[in-house]
Each structure stands twice: as C-alpha cells, then as structure tokens.
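Visitor: Please show me the protein, and then let us talk through a few of its features.

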Amino acid sequence: QKMPPSLPATINIREPRWDQSTFQGRAKHFFMVTDPRNLLLSGATLEEARRVVEDYRAGTVHPGLTEDQLWRAKYIYDSAFHPDTGEKMILVGRMSAQVPMNMTITGCMLTFYRTTPAVLFWQWVNQSFNAVVNYTNRSGDAPITPSQLGTAYVSATTGAVVTALGLKSLTKHLPAIIGRYVPFAAVAAANCINIPLMRQRELKLGIPVTDENGNRLGESTAAAQKAIFQVVVSRIGMAAPAMAIPPVIMNMLEKRAFLKRYPYLNAPLQVGLVGLCLVFATPLCCALFPQKSSMPVGSLEPEVRDQIRKKDPWLETVYFNKGL
C-alpha cells in the first residue's frame with residue numbers, strides 16, 4: 001500500500017491556522033482555543049499532542065502525520081500548556097474552562113442577587129476565578145508577582161462588591177428587571193479595575209513593540225494602554241450577552257405558572273441560558289481585536305517614536321501582543 005506523502009516541515013504552527021487580519025479568521029481561531037471539550041481530554045492525549053508539536057518544531061515529522069492532525073495537536077497543546085514556560089496549566093485557569101466556569105458563576109450571580117450575603121459570596125467567587133485565570137495565563141515576559149496578584153484580587157473584589165451593593169440599594173424602588181442588571185454592572189466595574197492592576201508593570205515599563213517581521217523595536221507604554229483597553233472591552237463584551245439576555249427571559253418566565261410550580265428550576269435554567277450565550281460570546285469577543293494588534297508610529301510616546309525613527313525613518317506601523 002502506498003504511503004501518503006510526508007508533511008513538509010515548513011508549516012508555521014507558532015501562529016494560528018486562520019488569517020488573523022480578518023474577524024472571521026480570528027473567530028475560527030478562538031472557537032478552537034475556547035472549546036470546552038478540550039477539558040475532557042486525558043493526560044495521555046495531552047502528552048501525545050505535546051510530543052507531536054515539539055517534535056515538529058524541532059524538525060521531526062511523524063510518519064503519516066496529516067496537516068489536519070498537526071493543527072489539531074497544536075490546538076490541544078495550546079489549550080493545556082503555557083506558551084512561555086511550557087508548564088501544564090491549572091485546569092480551571094485554561095481558556096477552554098472559560099465557558100463552563102463562567103456559565104456556572106454568572107448563572108448563580110444572576111439567580112442569587114436579592115440578598116446581600118449572596119451578592120458578597122458570588123462576587124467573591126467570580127473575582128477568585130478571575131485571579132486564577134489571570135495567574136494561569138500570565139506572560140512569561142512580564143511575570144505577575146504575588147503582591148501584584150494580591151492587590152489586583154483585593155481591589156477587583158472590593159470594586160465589584162461596592163458597585164453591586166451600591167446599585168442594589170439604589171434599585172430597591174425600581175422595577176425588578178433593573179435589579180437583575182446589578183451583577184453585570186459589578187462585573188464591568190471589576191474588569192475595569194482588575195485588568196489594569198494585573199498588568200500595571202506593562203503600564204509603567206511598556207510592552208514590546210515590533211515591526212511586521214517581529215523584530216523588536218523597543219517598549220511602549222502607549223501600546224500597553226491600547227492593549228489593556230482592548231482587553232477590557234473584550235472582557236466586558238464577553239459578559240454582556242450572558243448577563244443581559246437571560247434576565248429578560250427569566251423575568252418573563254417567573255411571571256408564568258411553570259416556574260412558580262417548579263421554583264427549583266430557576267438556577268439550572270439561568271445557568272443553561274448563560275452557557276448558551278457564552279459559547280458564542282467568549283470566542284467572538286476574544287476575536288474583536290487582532291491578537292497581534294497595531295498602532296501608527298506617530299501615536300507612540302515621543303522618546304520611543306524618536307528611537308524607532310532613528311532605526312527606520314520610513315516605518316509607519318508597529319505591532320504588539322494585546323494579551324487576553
């Protein structure tokens with residue numbers, strides 16, 4: 001039997017499979033990255049994917065390996081191993097855990113929003129999960145120190161709780177549907193606090209900016225500000241459908257006899273609706289901005305701009321990794 005032709009060793013699996021300059025390409029990439037089914041893969045499957053990817057990067061192509069199998073191995077590898085350190089990531093901190101974890105936490109935040117202890121507990125759970133995600137996906141180039149992690153965690157939890165309790169007291173005399181949106185306001189406020197604090201080192205010292213070919217040109221705080229703004233927008237966008245659509249549906253259902261007869265179905269229904277929204281919102285909002293973002297050289301801070309102009313007077317655009 002004739003063997004299939006050997007796969008060339010020139011496929012660039014350090015970059016995503018699809019064109020990242022288009023929204024469609026970025027969406028396809030993030031649907032793979034956030035696929036919850038990757039959480040069910042065995043340790044042996046993860047190790048096999050690691051072996052295929054590391055061997056291929058070293059120039060060794062496994063006999064009979066197809067391009068589809070190579071890309072599948074790359075996405076399995078990326079779902080479980082840290083891109084900088086190569087360590088296996090904590091299960092709940094992986095991008096593939098975003099949908100199941102967020103649907104459970106968000107569903108409970110939307111269900112148990114009426115009492116102060118419930119608001120305190122679920123906002124604390126949410127920010128604890130965010131801290132685990134941020135730590136797990138930390139950059140190897142700019143590691144997070146325990147004090148930075150602690151400051152961001154405490155500040156975000158405090159911000160979320162203060163926002164939630166403050167708005168809860170304001171909405172006491174307003175229609176019930178308004179009260180259902182308090183958790184979303186609290187999550188949005190926490191994201192605006194948590195992400196800049198978690199990445200404060202980048203805001204102080206800048207992030208690497210490169211030319212189109214990846215040659216490092218310097219560190220820019222202006223690029224860091226743009227990157228963090230894009231991530232905050234994406235994270236709030238991710239939460240918006242899951243925290244805006246289910247309250248409307250649940251408000252209608254609670255007026256019907258069905259939920260009055262079976263009140264214990266409230267939380268499962270809420271979690272299911274949130275999950276349905278998050279399956280699509282998570283990858284689509286991750287794809288709002290290119291991972292390899294860009295900005296004009298003229299928009300950089302003066303000293304970095306001058307430094308780049310000396311190296312390449314004709315360069316118009318620089319690129320940087322915005323983070324997740």
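**Helices and cysteines**

Guide: Helix α3 (residues 67-80) has 14 residues and reaches 20 Å from its first C-alpha to its last, close to the 20 Å expected at 1.5 Å a residue, the expected span being 1.5 Å times one less than the number of residues. This is a predicted model, in which local features need pLDDT of at least 70 and side-chain atom pairs count only at pLDDT 80 or more, while totals for chains, interfaces and linings use all residues. Residues are numbered from 1 along each chain as its sequence is written, and side-chain values use heavy atoms, with hydrogens and water left out.

Visitor: What covers the buried residues of α3?
Guide: Buried means under 20% relative accessible area, with exposed over 50% and partly exposed in between (1.4 Å probe, protein chains only). Among the buried residues of α3 are L70, W71 and Y75. Helices here are DSSP runs of H or I, at least four residues, numbered from the N terminus, and the cover of α3 includes α1 (23-33) and α2 (43-57).

Visitor: Is C192 buried or partly exposed?
Guide: The closest cysteine sulfur to that of C192 is in C285, 15 Å away and too far for a bond. With 43% relative accessibility, C192 counts as partly exposed.

Notes: Helices (H or I, at least four residues) and strands (E, at least two) are DSSP runs, numbered from the N terminus. Contact means heavy atoms within 4.5 Å. A disulfide is a pair of cysteine sulfur atoms within 2.5 Å.
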